[in-house]
Amino acid sequence: MKKEAGKRIKITGTGIYVPDKILTNADLEKMVDTSDEWIISRTGIKERRVASEDQATSDLAIEAGREALNSAGLKAKDIDLIIVGTSTPDTIFPSTGCWVQKGLGAGNVPAFDISAGCTGFLYGMILAEGLILSGAHKRILLIGGELLTKITNWEDRNTCVLFGDGAGAVVLEESDDESGMLSSYWKADGNLGELLYQPAGGSRIPATDQSVAQRLHYLHMKGNEVFKHAVKKMGEAAVEALKSAGLKKEDVDYLIPHQANMRIIEATGRRLKLPREKVFSNIHKYGNVSVASIPISIHELNEEGKLNKGNIVLMVAFGAGFTWAAVAYRW
Ligand code: COA
């Protein structure tokens, strides 16, 4: 979808929170039959953050949200909508958005979750754009928060080496200049849902002794199948978002791909023929933090002083659903 000139939303604040505890590949070697060498060569991950037992997703999201508000120069009461992307809500209901609203003391503003797997942050940006440009809302706090280590099967080496915990947040408002969201592209394919999912805990397989014994409440994934789709769909989304923004590959200053696997990140960069230094990655220190990966990356890229006004940033994600999306953005 291409935007009308002058009418766009922009990020006016960013924040992140990652738990203190670090789980290294060496730690994982003691837990399952794996090796630091295998994990680094197949994924690029060296370590990931793990939340403490008493932390829930909203605890991470509130910290990230608070930092984003501070960096926008706002107070919680200035926000008029809270959206949280997550696949690991504190509770199925109420939404994590409502727990965050309470924790931030944001007043009775509407608050809800979106479930789009690792694509949730970009789905949230596209949704927020519609809500702001329609005039319905002025300042939206969009948070991606994930606590995947609590649904990770620590006996399954195929999945437990990949994921981590974290949260990233942005404040979104209507842009008063040329910067902001230029175009977007979002898709889903529900036919492939069972390649990456949490089978139990919903209404299809409610919690029973049997569902717990069968470990159906953990994340299940056919990694190599997911890999192939992720490479293809992230490439497609990146190209389509650029096209609808009227931009060329060489216009991109930074690609921020969802941090799922270093090989997927590099393949997406190659599809756009981008030099390595234009492709952002922090997967080595966080692993796959799902919906939190893009907002954490935006924040870090900005904190590192790498983003200059006018830079073109292309964000692209793929996740459970399957869902995939891209957003072209002028900083
Ligand atoms: N340590 C050591 N060996 C491992 C291992 C681990 N942690 N995990 C799997 N293996 C083994 C497999 O058992 C298999 O052994 P086999 O050949 O004897 O059967 C071998 O490594 C290759 O497995 P395969 O699944 O084909 O590896 P891969 O190259 O596809 O890499 C993933 C596996 C999971 C890293 C990769 O498929 C991936 O990243 N997929 C996408 C996951 C993802 O991003 N999901 C979220 C999307 S948002």
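Me: How many salt bridges does a search of the whole structure find?
Reply: This is a predicted model, in which local features need pLDDT of at least 70 and side-chain atom pairs count only at pLDDT 80 or more, while totals for chains, interfaces and linings use all residues. Residues are numbered from 1 along each chain as its sequence is written, and side-chain values use heavy atoms, leaving out hydrogens and water. A salt bridge is a side-chain nitrogen of Lys or Arg within 4 Å of a carboxyl oxygen of Asp or Glu. The search of the whole structure gives a count of 14.

Me: How many residues apart are D177 and K10?
Reply: Helices (H or I, at least four residues) and strands (E, at least two) are DSSP runs, numbered from the N terminus. D177 and K10 form a salt bridge with an N to O distance of 3.4 Å. D177 sits in the loop between β7 (165-174) and β8 (180-188) and K10 in strand β1 (residues 9-17). The pair thus links distant parts of the chain, with a separation of 167 residues.

Me: How many residues apart in sequence are the parts tied together by E155 and R215?
Reply: The side chains of E155 and R215 meet in a salt bridge at 3.2 Å, N to O. E155 belongs to the loop between β6 (140-147) and α6 (157-160), and R215 to the loop between α7 and β10 (220-221), so the parts tied together are apart in sequence by 60 residues.

Me: Which residues are linked with K10 in a network of salt bridges?
Reply: The partner already described is D177, at 3.4 Å from N to O. The network that includes K10 also holds D176, D177 and K309.

Me: Which side chain of opposite charge is nearest to R49?
Reply: Lys and Arg count as positive and Asp and Glu as negative, while His and the chain ends are not counted. R49 is found in strand β3 (residues 47-49). R49 is buried yet has no salt bridge. At 5.0 Å, the nearest side chain of opposite charge is that of E47.

Me: Which residue's backbone oxygen does the side chain of R49 reach?
Reply: A polar contact is a pair of N or O atoms within 3.5 Å; within protein, one must be able to donate a hydrogen and the other to accept it, and residues adjacent in sequence count only if both atoms are side-chain atoms. At 2.9 Å, the side chain of R49 reaches the backbone oxygen of P19.

Me: How far from an oxygen atom of the ligand is a polar side-chain atom of N261?
Reply: The ligand is surrounded by 24 residues, and N261 is among the closest; a residue is near a molecule or strand if one of its heavy atoms lies within 4 Å of it. A polar side-chain atom of R263 lies 3.1 Å from a ligand oxygen. For N261, the distance is 2.6 Å.

Me: Why is the pair of F318 and F322 called tilted, and what is the angle of the planes?
Reply: Rings of Phe, Tyr and Trp (its six-membered ring) pair if their centres lie within 6.5 Å; planes under 30 degrees apart count as stacked, over 60 as edge-to-face and the rest as tilted. The whole structure has 4 aromatic pairs. F318 and F322 have ring centres 4.7 Å apart, and the pair is tilted because the planes are at 55°.

Notes
Buried means under 20% relative accessible area, exposed over 50%, partly exposed in between (1.4 Å probe, protein chains only).
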